[in-house]
Amino acid sequence: MDVIDLRDFYSQRLGIVARQLINRGIRARWPNAEGQRVLGLGYPTPYLGLFRDSCERCIAFMPAAQGVLKWPTGRPALATLIDEFSMPLPDAAVDRVLLVHALEMSDDPERLLREVWRVLSPSGRLIAIIPNRRGVWTRTDATPFGHGRPYSRAQITQ
């Protein structure tokens with residue numbers, strides 16, 4: 001699944017509903033990002049709008065395997081194509097990481113998480129949007145949640 005497929009999904013009715021539901025969960029866990037450095041990894045752009053205007057810095061890193069789209073539209077670009085295992089950031093560079101369509105699509109999820117931990121500050125927070133193996137969204141190829149590697153609740157919490 002590439003960025004064109006993801007963009008197309010999030011522009012359709014089902015994608016809009018998914019974004020609204022997930023945004024509620026993100027906002028409940030991160031009610032305020034003021035002064036924070038926020039990194040979105042994978043295809044996070046449908047969700048980064050929650051933080052773009054209030055945080056210190058908000059950037060989107062999109063893995064080379066998925067491709068990249070300009071984000072935000074109509075403003076200077078804040079998205080870039082990266083090697084997910086070697087992010088162009090120093091250690092402890094960000095306060096919050098939002099993983100979306102990244103972990104389940106990665107060839108090496110453990111290596112990806114090690115790189116995320118490297119760039120995350122010691123008091124940083126991570127939210128990973130991951131398809132649940134038993135979830136209804138993973139049972140169809142019509143959504144991006146039906147692609148890649150879904151995880152069980154036990155795998156997610158380990």
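Let me start with a definition: a residue counts as buried under 20% relative accessible area, as exposed over 50%, and as partly exposed in between, using a 1.4 Å probe and protein chains only. His101, at 0% relative accessibility, therefore counts as buried.

Before we go on, a word on where this comes from. This is a predicted model, in which local features need pLDDT of at least 70 and side-chain atom pairs count only at pLDDT 80 or more, while totals for chains, interfaces and linings use all residues. Residues are numbered from 1 along each chain as its sequence is written, and side-chain values use heavy atoms, with hydrogens and water left out.

Back to His101, which sits in the loop between β4 and α4 (109–119). Helices here are DSSP runs of H or I with at least four residues, strands are runs of E with at least two, and both are numbered from the N terminus. What does the side chain of His101 make polar contacts with? One partner is the side chain of Tyr10, at 2.8 Å, and another is the side chain of Glu104, at 3.3 Å. By polar contact I mean a pair of N or O atoms within 3.5 Å; within protein, one must be able to donate a hydrogen and the other to accept it, and residues adjacent in sequence count only if both atoms are side-chain atoms.

Now let's zoom out. The chain has five helices and five strands, running α-α-β-α-β-β-β-α-β-α from the N terminus. Of its 158 residues, 44% count as buried.

On to the cores. A nonpolar core is a set of buried Ala, Val, Leu, Ile, Met, Phe, Trp, Tyr and Cys residues joined through side-chain atoms within 4.5 Å. The largest one has 25 residues, and Tyr47 and Phe51 are among those with the most contacts inside it. Two or more residues each come from α1 (3–11), α2 (13–29), α3 (45–48), β2 (57–63), β4 (94–100) and β5 (120–129). Helix α1 gives the largest share, four residues. A second, separate core of 19 residues includes Ile59, Phe61, Ala93 and Leu112.

If you click on Tyr47, you'll find contacts, meaning heavy atoms within 4.5 Å. Leaving out neighbours within four places in sequence, its partners include Tyr10, Ala18, Ile22, Ile26 and Leu98.

Two of those belong to the buried residues of α2, which are Gly15, Ala18, Ile22, Asn23 and Ile26. Why do they line one face of the helix? Seen down the axis, they fall within an arc of 135 degrees, so one face it is; the arc is taken from the directions from the helix axis to the C-beta atoms. An α-helix has 3.6 residues a turn, so residues three or four places apart point the same way. On the other side of α2, Arg13, Arg24 and Ala28 are exposed. The cover over the buried residues of α2 includes α1, α3, β4 and β5.

Is Leu113 buried or partly exposed? With a relative accessible area of 24%, Leu113 is partly exposed. Beyond residues up to four places away in sequence, Leu113 touches Leu99, Leu103 and Leu126. Thanks, everyone!
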